[in-house]
Amino acid sequence: MARPRNPQPPPPVLLLLLLLPPLPLLLGAGDLLPTEGQLMNNCVQARKKCKADPTCNAAYHRLHSCTSGISTPSPAEEPSVSEDCLKVAQQLRNSSLMSCTCHWRMKNQITCLEIYWTVHSTGNLGDYELDVSPYEDTVITKPWKMNLSELNMLKPDWDPCLKFAMLCTFNEKCDRLRKAYGEACSGPRCQRHTCLRQLRAFFEKASESHAQGVLLCPCAPTDLGCGQRRRNTIAPSCALPSAIPNCLDLRLTCLSQPLCRSRLVDFQIHCHPLDILGTCTTEKSRCLQAYMGLIGTAMTPNFVSNVNASVALSCTCRGSGNLQEECERLEESFSHNPCLMEAIAAKMRLHSQLFSQDVEDSTLPVMEHQKESPALRPQPWVPSLFSCMLTLILLPSFW
């Protein structure tokens, strides 16, 4: 009688493949844009819950018709609002819509923001609650990693802005997004709205390390070429208005647009200085995120010269009349904001270290203190659980 054959163990390579986590986890889930389900209580999800409740759904539709029929008023105007609109606004105060937020890199961001502002209008409904940001208060900063071959391709005599531009070129996604806004923002007949849209796409979709490196590259005061390259990062000849508007008119235009309104409120909250020393109400990285979020909107700021890192809006306060002081406060929230100035300076100091450290270290430790949402944090047990289950299912078929 023939002896039963001993089961052959699976090849070592096969076992290794089975124990590896799925490919997306190997590549790093933190590089992906957050989906609706990853945010704690985003407004798109809250709206779906409201739709399931007939009372909530009817109130939301009525409130939406109230707010969409009223344009953003000027400071001297008082919009008239019916009692019915005020009543339905009060009805939604207890719904999950009131605590919902959005994320500036999420999909369906515009839809999320429109829902947010529908339920966050003030008692006048023609104005908005501008003391709370619609964005989730989260900053996820990853350390800048590169291989030595990329560093060796950078010429020592290049200025930092050129080096960061080349590092963007080495990255396929950064290079593609940068070329897209470069094409949209170039030429004598460029379309400003198209240019701004492509600028927003770059700063939203490129990795934060690359986007901040290109925008906030450190330049010596005497290196005018470097400073000019930094100023031209946002293609100001197309992205900024051709005729300099009044700053209050510029803000009025911004407040009429859900995206720009959201980014401006986010900036005013997270880059608000507590004292003359530049202490921010939140972390410097959060202020920088809010500042960069304005690029590609009607309130796009930029560096004012080639010799320093001062920034300002492209507007004037001439002709503001009785609102001169209000206009100057708005303008100075960019040009004389110690919190913003220190956040920019701190990031530039970190960037200057990138090319001064020992070539043996291929990773710049630029991880800053951060407040990370548990929903967006990669879960370490997911790869292990997946691998164990897959191994238990597939191994018997090979024995």
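Reader: Among contacts in the protein chain between residues at least 6 apart in sequence, what share joins residues at least 24 apart?

Author: Happy to start there. This is a predicted model, where local features need pLDDT of at least 70, side-chain atom pairs count only at pLDDT 80 or more, and totals for chains, interfaces and linings use all residues. Residues are numbered from 1 along each chain as its sequence is written, and side-chain values use heavy atoms, with hydrogens and water left out. With contact meaning heavy atoms within 4.5 Å, the share that joins residues at least 24 apart is 72%.

Reader: Thanks! How many helices and strands does the protein chain have?

Author: Both are DSSP runs numbered from the N terminus: helices are H or I with at least four residues, strands are E with at least two. By that reading, the protein chain has 19 helices and four strands.

Reader: How do the axes of H11 and H16 lie: parallel or perpendicular?

Author: Two packed helices are described by the angle between their axes and the distance between the axes. Axes here are lines fitted to C-alpha atoms, for helices over the stretch in contact, with angles from 0 to 180 degrees between N-to-C directions. H11 (residues 208-215) and H16 (residues 284-293) pack at about 75°, their axes 12 Å apart. Angles under 35 degrees count as roughly parallel, over 145 as roughly antiparallel, 65 to 115 as roughly perpendicular and the rest as oblique, so H11 and H16 are roughly perpendicular.

Reader: Which residues of H16 do Glu-208, Ala-211, Gln-212 and Leu-215 in H11 meet?

Author: Those four residues of H11 have their partners in H16. The partners are Leu-288, Gln-289, Tyr-291 and Met-292.

Reader: Where in the chain do Cys-280 and Cys-339 sit, and how many residues apart are they?

Author: A disulfide joins Cys-280 to Cys-339, S to S 1.8 Å. Cys-280 is in the loop between helix H15 (258-270) and H16, while Cys-339 is in helix H18 (residues 338-354); the pair links distant parts of the chain, 59 residues apart.

Reader: Is Cys-339 buried or exposed?

Author: Buried means under 20% relative accessible area, exposed over 50%, and partly exposed in between (1.4 Å probe, protein chains only). The relative accessible area of Cys-339 is 0%, so Cys-339 is buried.

Notes
A disulfide is a pair of cysteine sulfur atoms within 2.5 Å.
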